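Colleague: I would like to learn how to read ring pairs and nonpolar cores. Please take me through them.

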Amino acid sequence: MEISSKHFTLEKVSRNAYAAIAKEGSGSVANAGFVDLGGKSIVFDTFNTQQASEDLKTFAESITNHPVTWVINSHWHGDHIRGNQSFKERTIISSGITFSKIKELHPSRINTQKNDLQGLSNYIKSLQSQLTHSEDKRLAYQINFLKELEKSLPTLELILPNQTFTSELSFHGENCNAKLFTLGGGHSVCDSVLYIPEDKVIFMGDLLFVKCHPTFFEESNPSIWVEILRRIEGLEFDIAIPGHGPVGTKEDVTKLITYITDIKEIVIENDRFEEVEIPDTYKDWESPEVYQQSLKMLSQDVNSLAYDDLKRES
Ligand SMILES: [Zn+2]
């Protein structure tokens, strides 16, 4: 079964779980999904805009035949939480740290964007004028993504999670059970995953990128990220739904562990990143431009990277 929205493709990945895989240049930006526990259901992440999350809600409720029960925000980044308003009357859950970050950082960001709609509109126009001179696919995606943002802003409301957890939370239904847990922060300050053992499925948020280069931010901690992935690798599952990229498997978790380990070594061994080429294994991954940025980002932290490893060895 495959249902398609303008913003994502919905794929049934197991008996009870569905992955909503983002379409480029749409209002989704990141992936999301839902699980039908039987009589109750969980939506995992809510995309970058309410247009995209409205479609997710419609599909989830028509497929499961009941209102969505719980909504999870995997981490605080906008492309995973800005669609929360479609689920205003539901229980929206995140870790305590994620809740605090959303509350601290999003109100001013959203207000700044709302107050500069004219600036956004002018920027879109300037990009459109460049597009008429070229056939750049990436530029076309960028324009469509910004148009969805422009559409969302006037009615966008920040809806905070209304329930938090510390390390784990279990959900029980007639069809299956689910476990929400966090092992700390790797990609962001705190990343949560949702595991459905009976279906051998795990929703990983941005702890997993499949066939595309992962993004590192100042808040990212590559050493802890690898440790978290190693612990997740030890769980029994066949399907891993990433925050970005197509539906993956356990092999993709292993690949990302190797990627992060490799990139840490490259940063420690090189000081001229312009000369570093993307290794062959990752040549066909999406967003290659992220690779150079990641090397620079990680190099700012190279001493603490070495320190992390020392700490682990001692
Ligand atoms: Zn993220």
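Modeller: We start with the ground rules, then take rings, then cores.
This is a predicted model: local features need pLDDT of at least 70, side-chain atom pairs count only at pLDDT 80 or more, and totals for chains, interfaces and linings use all residues. Numbering starts from 1 along each chain as its sequence is written, and side-chain values use heavy atoms, with hydrogens and water left out.

Colleague: How many aromatic pairs does a search of the whole structure find?

Modeller: A pair of aromatic rings is described by the distance of the centres and the angle of the planes. Rings of Phe, Tyr and Trp (its six-membered ring) pair if their centres lie within 6.5 Å; planes under 30 degrees apart are stacked, over 60 edge-to-face, the rest tilted. The search finds 10 pairs. One of them, Phe8 with Phe59, is edge-to-face, at 5.7 Å centre to centre and 75 degrees between the planes.

Colleague: Which parts does the pair of Phe8 and Phe59 tie together?

Modeller: Phe8 lies in strand β2 (residues 8-12) and Phe59 in helix α1 (residues 50-64), so the pair ties together parts 51 residues apart in sequence. Helices (H or I, at least four residues) and strands (E, at least two) are DSSP runs, numbered from the N terminus. Both Phe8 and Phe59 are buried, meaning under 20% relative accessible area (1.4 Å probe, protein chains only).

Colleague: Which residues have the most contacts inside the largest nonpolar core?

Modeller: In soluble globular proteins, nonpolar side chains tend to be buried together. A nonpolar core is a set of buried Ala, Val, Leu, Ile, Met, Phe, Trp, Tyr and Cys residues joined through side-chain atoms within 4.5 Å. Here the largest has 34 residues, and Met204, Leu229 and Tyr259 have the most contacts inside it. Helix α7 gives the most to this core, with 8 residues.

Technical notes. Buried < 20%, exposed > 50% of the residue type's maximum accessible area, 1.4 Å probe, protein only.
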